[in-house]
Amino acid sequence: MSVLAYESNDYSSMTLKVPSLADLSSLEDDLSYSLYRESCYDLEGIIYRKVKEWVTKDPTLAPSLLRLQYHDCVVRGCDASILLDHEGSEKTSNMSKSLRGFEVIDDIKAEIEKKCPKTVSCADILTTVARDATVLAGGPYWMIPYGRKDGRVSLAKEASIVPKGSESVTNLIEFFQSKGLNVLDLVILSGAHTIGKTTCESVQHRLYDYKGTKKPDPSLDPKYLNYLRRKCRWASENVNLDGETPNTFDTQYYHNLKKNMGLLSTDQMLYSDSRTKPIADGLSFQSSLFKNQFGVAMVKLSSILDVVSQDEGEIRTDCKYVNH
Ligand code: HEM
């Protein structure tokens, strides 16, 4: 565990205890950094080249691929249950309707099945794709331990537990805690909203009649509010999560919170709660701390394993369907 002092004067007296990858050593019981070293030698090269090809054609895929990983891992662990495509699966839930990038995973899986048949799980592929998408958006690189199994169960109703953007900070903390993630992980992983978009549907409740007050959310900067009202005439429109540097993986997300320009109310509220505000403040000043810790937190997120689904899991040959 390393202890880093905030550099800013305002926070000079504060320290933030942040874990390193070495502190996550318990992961090694289930997952291994060397799993595919012999069985699928060029796995990471194949995946990176493919993700790059897709993201070069359509840069908006990078955030979508990162988000897929989050939605997979917080429901039944990282078991690629989000990819199963059948009636009543997580993917068909209302909560999943704005998820994108499934075709990228299918394309990569097909390529890997040619080179290393029946060897690499869709869950491991998804995790690697999320990392590479982050790197291609200018974010950090992190090492990935492998060995996730693909689950055989995927239920739409289970996807409804994923927070939608209007929850309280306490709800978010409790949700993250139930997945083995702490407050630091919450604030750091929320920084993923430095890239990507939301549908206006997720923010409209803030624009006119916030919590039945007939007024907008008072924590929205007035100019930003005007911009959002113009931009979000229809619920189906899209708006950048980071209004300042939407395509770059940087600390601007945290600066936006200070200026009342957090787009989702769950983003902005991180800056009004004493449990999360000091962390958001500290990260805004320290780009390399944010990037390093984002990698550490992603390893934690992508190592959430549901013991049952791991034991009963398989290596799917097609990510959309369980094996017959
Ligand atoms: C803290 C709780 C979180 C909430 C409440 C939340 C909520 C949301 C919402 C409402 C959207 C927009 C959906 C729409 O199109 O309507 C979104 C997008 C996104 N989320 Fe989150 N999220 C959370 C955590 C995370 C985490 C942990 C990650 C990744 C590590 C993540 C990555 C993303 C990305 C990259 C996008 C943009 C996707 C795109 O452009 O296609 N989110 N999130």
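A residue is called buried if 20 or more other C-beta atoms lie within 10 Å of its own, exposed if 12 or fewer do, and partly exposed in between, with C-beta atoms placed from the backbone. The structure described here is a predicted model, in which local features need pLDDT of at least 70, side-chain atom pairs count only at pLDDT 80 or more, and totals for chains, interfaces and linings use all residues. Residues are numbered from 1 along each chain as its sequence is written.

By this criterion Lys211 is exposed, because 10 Å around it holds 11 other C-beta atoms. Lys211 is located in the loop between strand 3 and helix 9 (222-231); helices (H or I, at least four residues) and strands (E, at least two) are DSSP runs numbered from the N terminus. Although Lys211 is not a glycine, its phi is positive, at about 50 degrees. Lys118, also not a glycine, has a positive phi of about 55 degrees. Most residues other than glycine have a negative phi. Lys118 is placed in the loop between helix 4 (102-115) and helix 5 (122-136), and it counts as exposed because it has 10 C-beta neighbours inside 10 Å.

The domain assignment divides the protein chain into domain 1 (19-162 + 302-311) and domain 2 (169-297), with bounds that come from an automatic or database domain assignment. The centres of the two domains, taken over C-alpha atoms, are separated by 24 Å. Their contact takes 18 residues from domain 1 and 14 residues from domain 2, two residues being in contact if their C-beta atoms, placed from the backbone, lie within 7 Å. On the side of domain 1 that touches domain 2, helix 3 gives the most, with five residues. The residues of that side divide into eleven nonpolar, six polar and one charged. In this classification Ala, Val, Leu, Ile, Met, Phe, Trp, Tyr, Cys and Pro count as nonpolar, Asp, Glu, Lys and Arg as charged, and the others, Gly among them, as polar.

A nonpolar core is a set of buried Ala, Val, Leu, Ile, Met, Phe, Trp, Tyr and Cys residues joined through C-beta atoms within 7 Å. The largest such core has 67 residues, and those with the most contacts inside it are Leu65, Ile105, Ile125, Leu126, Val129 and Ala133. Both domain 1 and domain 2 give residues to this core, so it lies between them. When residues up to four places away in sequence are not counted, Ile125 touches Ile47, Ile105, Ile108, Lys109, Ile112 and Val120. A second, separate core consists of six residues, including Val203, Leu228, Cys232 and Leu264. In soluble globular proteins, nonpolar side chains tend to be buried together.

Within helix 8 (residues 183-190), the buried residues are Asp185, Leu186, Val187, Ile188 and Ser190. Their cover includes helix 7 (169-178), helix 11 (265-269), helix 12 (277-285) and helix 13 (287-301). Ser178, in helix 7, is exposed, with 10 other C-beta atoms within 10 Å. Ser178 and Val74 are 104 residues apart in sequence, and their C-alpha atoms are 9.3 Å apart in space.

The shell around the ligand contains 26 residues, of which Ser64, Ser98, Ala192, Gly196 and Thr198 come nearest; a residue is near a molecule if its C-beta atom, placed from the backbone, lies within 6 Å of it. At least two residues of the shell are supplied by each of helix 3 (61-73), helix 8 and strand 3 (197-199). Helix 3 provides the largest share, five residues. By class, the shell comprises eleven nonpolar, ten polar and five charged residues. Domain 1 and domain 2 each contribute at least three residues to the shell.

An unreviewed UniProt entry lists Thr194, Asp242, Thr245 and Asp250 under "binding site". These residues span 57 residues in sequence, yet no two of their C-alpha atoms are more than 9.9 Å apart, so they gather at one spot. UniProt positions are given in the numbering used here, feature names are shortened, and annotations may be inferred rather than shown by experiment.

Asp242 lies in the loop between strand 4 (238-240) and helix 10 (252-258), and it counts as buried, with 26 C-beta neighbours inside 10 Å. Apart from its neighbours within four places in sequence, Asp242 is in contact with His193, Thr194, Ile195, Gln252, Tyr253 and Asn256. Thr245 also lies in the loop between strand 4 and helix 10, but counts as partly exposed, with 17 C-beta neighbours inside 10 Å. Residues up to four places away in sequence aside, Thr245 touches Asp250 and Gln252.
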